[in-house]
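Me: I am new to this structure and would like to know what stands behind the terms used for it. Please set each value against its definition.

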Amino acid sequence: MRTPEPAIDERDRAILRLLQEDGRLTNMELAQRINLSPSACLRRVKLLEEAGLISRYVMLLDEKAAGLPGTAFVLVTLDQQGRAALDAFEAAIQQHPEVTECCLLAGVADYMVRVAYADSADFERIHTEILTQLPGVVRVQSTLALRTVKKTTALPV
């Protein structure tokens with residue numbers, strides 16, 4: 001059964017858009033931008049957090065400035081698709097900071113993994129020492145990104 005979406009109005013949407021754009025906004029700045037009192041704004045933010053719409057606050061780093069200009073998308077196929085095999089793979093992949101995203105797929109491969117790397121030698125290390133050594137992995141197929149055209153963490157609310 002699907003969980004009902006929380007009812008939000010246009011002010012809530014404005015809060016979400018502004019915080020996705022700049023998570024460092026103070027409550028006072030946020031309240032001014034959406035034309036609410038600080039106490040009403042804070043109450044709305046707390047309700048959005050409690051409803052799970054705001055799941056956490058993070059700082060985004062620039063990959064190139066952090067020395068990780070390379071991005072690879074890797075399709076991973078496992079030898080089994082049972083719950084135990086998926087759980088083992090998912091637990092193991094959590095241990096590797098080079099993996100910035102991992103999605104279970106419906107299709108030819110079982111997972112798509114996004115990897116951040118410094119250079120070709122670093123990607124080779126990640127490929128041979130990490131990805132191919134994860135539990136149940138029988139095949140990895142990598143695609144290297146040449147240039148990022150669009151990247152956002154913002155949802156269209």
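Reply: The largest pocket has a volume of about 1,500 Å³. The model is predicted, so local features need pLDDT of at least 70 and side-chain atom pairs count only at pLDDT 80 or more, while totals for chains, interfaces and linings use all residues. Residues are numbered from 1 along each chain as its sequence is written, and side-chain values use heavy atoms, with hydrogens and water left out.

Me: What makes a space a pocket, and what is its volume?

Reply: On a 1 Å grid over the protein atoms alone, a pocket is an open set of points with protein on both sides within 12 Å along at least five of seven lines; a cavity is a set where a 1.4 Å probe fits but cannot get out. Grid points are joined across faces, edges and corners, and the volume is the space filled by probe spheres set on the points. By that definition the second largest pocket holds about 230 Å³.

Me: How many residues line the largest pocket, and which lie nearest its centre?

Reply: A lining residue has an atom within 4 Å of a grid point. The largest pocket has 34 such residues, and Arg56, Val58, Leu60, Thr153 and Ala154 lie nearest its centre. Helix H1 (10-21), strand S2 (99-104) and strand S3 (111-117) are the elements that give two or more residues to this lining, and H1 gives the most, with four. Helices (H or I, at least four residues) and strands (E, at least two) are DSSP runs numbered from the N terminus.

Me: Why is strand S1 called largely enclosed?

Reply: Buried means under 20% relative accessible area, exposed over 50%, and partly exposed in between (1.4 Å probe, protein chains only). Seven of the nine residues of S1 (residues 70-78) are buried, so S1 is largely enclosed by the rest of the structure. S3 is largely enclosed too, because six of its seven residues are buried.

Me: How do you know which strands pair with S1?

Reply: Two strands pair if DSSP finds at least two bridges between them. Seven bridges join S1 to S3, and the two run antiparallel; valine 76 stands opposite tyrosine 111 in S3. Seven bridges also join S1 to strand S4 (residues 137-144), again antiparallel, with leucine 75 opposite glutamine 141 in S4. Both pairs therefore meet the definition.

Me: What links S2 and S3?

Reply: Five bridges join them in an antiparallel arrangement, and glutamate 101 has arginine 114 in S3 as its bridge partner. S2 and S3 form a hairpin with six residues between them, and glycine 107 in the turn has a positive phi of about 155°.
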